[in-house]
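Here are my notes for you to read alongside the model. Have it open while you go through them.

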Amino acid sequence: MVEAAGRQDCEDLGKRRFALLYVLPTFLLLLLAIWPLVAGLETLFFRDVFNTHLEMKWWQSEAMKDGFMPLIDPYRSGGQPHLGNPNTVALYPSNLLYLFTPFLWAFNAHFWLHLLLAPVGAFWLARRLGLGRGGAWAAGVFYGASGYLLSNLNLYNLIAGAALIPAFAASILSLSSNSGRSWRLAAVAGLWSLLILAGDPMTAAIGLVIGISALWVATPNRRALARVAVALGAGTLMAAPLWIEFVRIVGLSFRGHWGYSPAAATEASWHPAAIVEWFIPFAYGRPDLAFWGHRFYSGAQPLFYSFYPGLLATLCCFLGFLARRRLVLWALALVPLGLFLALGGHNPVVAWLPSLPGLDVLRLPVKFWPLVAVPTALLAGLGFERCLTDGGAGRLRRVASSLAAAYLALWLFLTQAGSSVESAFASWMPRAFADAGLAAAERLRWSGLSLQFFGLAVAVALATLVRPRVFKALVPAFLIVHLAVQLALLRPLYRAEPVDVYRSAPPASVAIPQESIAAHGAAGGLFGTVPMPIGRYPSPDPRWLQRQVFNESYPYVGMMKRRNFEFAVSPEGLDSFLTRVTTQAFPMLTDQQRIRLLEASGVEWLYMKRELAVTEGVELVERFPSLGTDLLLYRITGAAAPAQFVSEFVYSENLNDALATLTSAWFRPREQVVIAGSGPDGSGMAGTVEEVVPNSAETPETRTWRVKAEGSGALLIQRTYLPIYRVEVDGEEVTPWLANMHRIAVPVEAGEHLVRLSPTRLTFRLSVAVALLTAVGLVLYVRPRRATES
């Protein structure tokens with residue numbers, strides 16, 4: 001008993017020492033880096049953070065505070081699917097924060113909480129794969145501070161999945177153990193459910209591949225595989241409210257109805273030349289307005305701006321590859337697979353896949369990167385662990401010296417062949433950037449980084465020359481220095497702005513009445529492309545662009561002030577196919593035709609960054625000074641009402657015919673409607689429409705109108721045609737018509753009628769019941785069995 005107590009004391013001392021040397025400094029550094037977000041002083045804003053997800057989460061937070069979960073977003077493009085769109089992350093547990101904390105704080109907490117969770121999940125996975133505490137924590141730090149993970153800090157719908165994948169894989173491995181199987185099964189089910197709810201089905205599927213393949217390392221038996229299958233089934237049922245709503249909306253979405261061409265599906269493919277970025281962070285431009293490497297990223301901005309793992313991670317990864325472990329073989333299988341798939345359009349096989357039936361809904365091949373990032377972090381952790389063994393210092397010295405020599409050679413090349421390097425850079429970047437001298441600046445940046453990394457590699461090599469005991473004591477410090485350098489070098493990936501910048505509503509957004517219908521001509525190229533005055537900003541920092549977008553009341557700003565913005569489609573392709581097609585028609589039209597199409601869509605207000613080429617049907621209301629060109633606010637005088645009675649029907653056989661009619665000079669949007677297909681003629685009689693104030697038991701998604709018609713006709717409602725709506729006339733369900741390309745029309749006969757439009761919630765309620773019953777079943781399964789197992 002004395003010996004057992006002694007071993008326990010040593011183990012406890014080891015745990016305390018591990019916590020002090022590894023865990024505590026890691027979290028202190030991470031908290032220091034994100035403290036302005038934790039304290040609510042700043043907010044992330046870059047790219048999709050504000051432009052896509054901010055408004056989605058604002059609307060959900062407002063709805064939840066009113067006591068309901070929104071099925072649609074009524075302020076975006078006539079009401080687009082919300083709950084059924086996985087990218088809104090509508091059912092993830094972090095949404096509970098919106099009920100109790102300020103909106104922007106809760107919004108940012110979703111990001112920084114997962115930044116803190118990522119190292120823990122990777123640590124757990126490394127431990128399950130046999131690494132010691134030090135090596136496992138190093139794997140967690142290497143993953144959590146990698147360019148891949150930090151790049152997810154501007155992608156609300158990807159950060160949770162990226163952070164959870166290692167933990168999910170670890171939970172699957174835990175089922176191969178014979179002890180505590182009930183709670184381990186519940187952990188797999190819970191984490192799988194969270195992965196499904198995290199915002200991206202493709203990331204969840206990748207996590208499943210990593211978890212199932214990791215079982216090969218643990219050599220499980222058939223019972224373990226059966227337990228995994230049961231846990232996955234339970235987790236899928238707990239996520240039923242999301243995927244059932246997704247099934248309801250995907251058929252009429254752009255992605256599900258039309259799909260993507262092979263070129264569009266393989267956007268964001270990993271270019272082989274981007275391998276340089278593993279050694280030079282932001283090799284083809286920093287993530288700002290001076291980014292120049294578009295040719296290496298399918299002609300656009302990259303989805304993930306960096307995959308830079310860090311110098312120490314690279315050194316340790318090389319050491320890990322040299323180990324003779326089953327883990328290494330697993331990594332050597334997953335990493336090539338990940339690269340093969342991430343190549344996308346640069347790989348003939350992957351480029352061909354979207355042409356197959358059912359696969360044209362997949363896109364952005366670079367999202368396969370967890371197949372690379374997770375195994376390489378584990379290999380680096382294994383290499384870190386080898387540094388702590390006898391002979392580890394010598395192995396690290398040899399690898400560090402080799403890498404130092406490579407960086408020195410690169411620095412000498414960049415210095416001695418300066419003009420040739422600048423010419424190459426200039427040939428790769430846009431002409432405007434090359435003319436502005438960016439090629440020379442980039443060569444100097446590469447040179448500076450090469451010299452810095454040479455110095456760091458030399459410092460690591462020299463540190464290995466001390467006594468073995470001293471070297472082992474220094475190894476934890478290497479990890480902390482690595483984390484600090486990563487957070488500093490990759491700081492542009494998680495840019496933040498003071499929240500005070502975005503507290504006050506810009507004058508342009510409150511210049512129109514609440515609940516009115518507007519469009520922004522500069523958003524999404526609706527009225528052509530208007531270049532931003534980037535050259536007049538104080539620096540290439542994207543904050544200046546974001547501030548201008550905010551002050552010019554781009555759609556997400558106006559929607560958060562309860563103004564409806566039409567044709568503000570989100571990029572993931574799950575908005576209505578009809579809305580997307582109508583939006584894509586605008587670039588092919590003249591200004592006059594665009595105004596007519598807006599009139600038919602009920603748009604009364606139009607923001608523009610240039611003068612309109614027409615004066616008929618519009619009036620300039622106000623001019624707001626802005627950088628570059630002023631922001632102009634027009635009122636469209638002939639716009640259809642939000643809901644109106646029409647009795648003159650024009651039928652069209654296809655969307656092209658409907659577009660031609662809606663943009664014709666003879667079409668009268670306040671009296672006529674274009675109906676898909678064929679049917680009876682309208683009466684040509686008049687009618688009135690009055691919206692009925694909803695009762696307290698109805699959600700704001702439900703709308704009711706009192707229609708008084710002198711003859712047969714239709715109620716034209718400026719809501720997007722979606723399959724999830726139920727339409728009733730005087731309590732009887734009727735089938736709505738597709739009107740004006742993307743709107744809803746409800747047929748009514750002469751007389752007075754009550755027309756009710758609401759999204760059906762029965763399937764949602766049933767799926768919630770299934771999820772709750774499954775969760776309760778898991779709890780009941782775990783509680784009695786834990787007593788037995790203990």
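1. Two strands pair if DSSP finds at least two bridges between them.

2. Before you look further, this is a predicted model: local features need pLDDT of at least 70, side-chain atom pairs count only at pLDDT 80 or more, and totals for chains, interfaces and linings use all residues. Residues are numbered from 1 along each chain as its sequence is written, and side-chain values use heavy atoms, without hydrogens and water.

3. Now find the open sheet: its five strands run in the order 13-14-20-16-17, with antiparallel pairing. Strand 13 and strand 17 (732–734) sit at the edges with a single partner strand each, so one side of each has no neighbour in the sheet.

4. Zoom in on one pair. Strand 13 and strand 14 are antiparallel over six bridges, and Gly 687 has Ala 709 in strand 14 as its bridge partner.

5. Strands 13 and 14 turn up again at the second largest pocket, as each gives two or more residues to its lining; helix 2 (48–65) and strand 15 (713–720) do too. (A pocket is an open set of points on a 1 Å grid over the protein atoms alone, with protein on both sides within 12 Å along at least five of seven lines; lining residues have an atom within 4 Å of a point.) This pocket has 23 lining residues, and among those nearest its centre are Glu 515 and Arg 703.

Technical notes
1 Å grid on protein atoms, 1.4 Å probe; cavity = no way out; pocket = protein on both sides within 12 Å on 5 of 7 lines; lining within 4 Å. Helix = DSSP H or I, 4+ residues; strand = E, 2+ residues; numbered from the N terminus.
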